[in-house]
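Could you walk me through this fold, starting with its sheet and then moving on to the side-chain pairs and the confidence scores?

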Amino acid sequence: MKIFIKVLFNLLNFILLLFIFIISYKNNLKLNLIENNMNNKLPNKESKKPKIDTISKVIKFNGIQYSIFKIYNHALNNLVLYYKDENEVNYKSFKNLHQDLNRKGYNLLFATNAGIYTKNFAPEGLFIQNKKIVNPLNLKNGKGNFYLKPNGVFFIIDNKPNILETSEFENNIKLDDIQFAVQSGPLIIDKGKIHKSFTETSNNKNIRNAVCVDNNSVIFVLSNNDVTFYDFSLFFLNRLKCKSALYLDGAISDMFLPKINRTLNNIKNDGKFSGIFGYIERK
């Protein structure tokens, strides 16, 4: 009888220990699952931050304010060059472009005039839209800013932007490869040097806009105040650190950029444009 009671006691102890082990195992498993779930919800400190597509801001340099719209290369698919609508009617204004894009399901986030044009609102030089040549390369000599040599071409191939002096462009670039291009002048910065015609003592001041290219982006600039060509060039060279910059136009130039309060209501010369650069997004 004593042996039976002893065996029964040992068996009960074993069952109790087994029960305690099972409960402990389940609790540990549950804690591990909770910890793993919490870790999955925590942000990964090593994960990359979302890419920034654009930057909109105002910069003051040497007493002049400049409106800036910077587009990083990975977002250049949203940059479009406009001229005429599907009915072959020149947009001419940011307002007309804005309304047309809105009707087609797009938001216009930025716009600026794209190069010098003729009296008939046609591009003065090379103009390529969606790989279609609207106007050929202009190698002529003439009067006015466009013909202040060297002039140049701003163009994009496979979402890679570039600016080249016109003859260099003609000799090295195949037109079939270009997504879009605008020829204008003068080339205010070329290979890190200011245009030879610009002087510090000039009194020729005006509102001006231009485009430049750096290592990973395109930067559109509008002077908010009248500025000389020389001081305008210094901004690109010394403040933006651009190696190449192409003048787009002068007195009529403007920019639509609501993020810095440049709205349609603030555009002074709307209706006087030919080509228009627009940065868009689908609604």
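Start with the open sheet of 7 strands, which runs in the order β1-β2-β13-β12-β14-β10-β11 with antiparallel pairing. At its edges stand β1 (54-61) and β11 (193-194), each with a single partner strand, so one side of each has no neighbour in the sheet. Two strands count as paired if DSSP finds at least two bridges between them. For β2 and β13, the antiparallel pairing covers 7 bridges, and Y72 has S217 in β13 as its bridge partner. In general, strands of a sheet pair through backbone hydrogen bonds, either parallel or antiparallel.

Before going further, keep in mind that this is a predicted model, in which local features need pLDDT of at least 70 and side-chain atom pairs count only at pLDDT 80 or more, while totals for chains, interfaces and linings use all residues. Residues are numbered from 1 along each chain as its sequence is written, and side-chain values use heavy atoms, with hydrogens and water left out.

Stepping back, the protein chain comes to 4 helices and 16 strands; these are DSSP runs numbered from the N terminus (helices H or I, at least four residues; strands E, at least two). Of its 283 residues, 44% count as buried, where buried means under 20% relative accessible area, exposed over 50%, and partly exposed in between (1.4 Å probe, protein chains only). Take contacts (heavy atoms within 4.5 Å): among those between residues at least 6 apart in sequence, 67% join residues at least 24 apart.

As for α4 itself, its buried residues include F229, Y230, F232 and L234. After α4 comes K241, whose phi is positive, near 60 degrees.

Now for the charges. The whole structure has 8 salt bridges, each a side-chain nitrogen of Lys or Arg within 4 Å of a carboxyl oxygen of Asp or Glu. One of them joins D214 and K70, the closest N and O atoms being 3.7 Å apart. This pair also links distant parts of the chain: D214 is in the loop between β12 and β13 (217-223), K70 in strand β2 (residues 64-72), 144 residues apart. K70 is buried, with a relative accessible area of 19%.

E86 and R103 form another salt bridge, with the closest N and O atoms 3.2 Å apart. E86 lies in the loop between β3 (79-82) and α2 (94-103) and R103 in helix α2, so the pair ties together parts that are 17 residues apart in sequence. R103 is exposed, at 57% relative accessible area. By contrast, D254 and R262, a salt bridge at 2.9 Å between the closest N and O atoms, are buried at 4% for D254 and 18% for R262. Salt bridges that share partners also join E86, D100, R103 and K104 into one network.

Finally, how far does confidence go? The chain averages a pLDDT (the predictor's confidence in each residue, from 0 to 100) of 88, and 82% of the residues score at least 70. Over residues 33-47, pLDDT stays under 50, and the model has 0 contacts there beyond four places in sequence. Where pLDDT is low, the predicted coordinates should not be read in detail.
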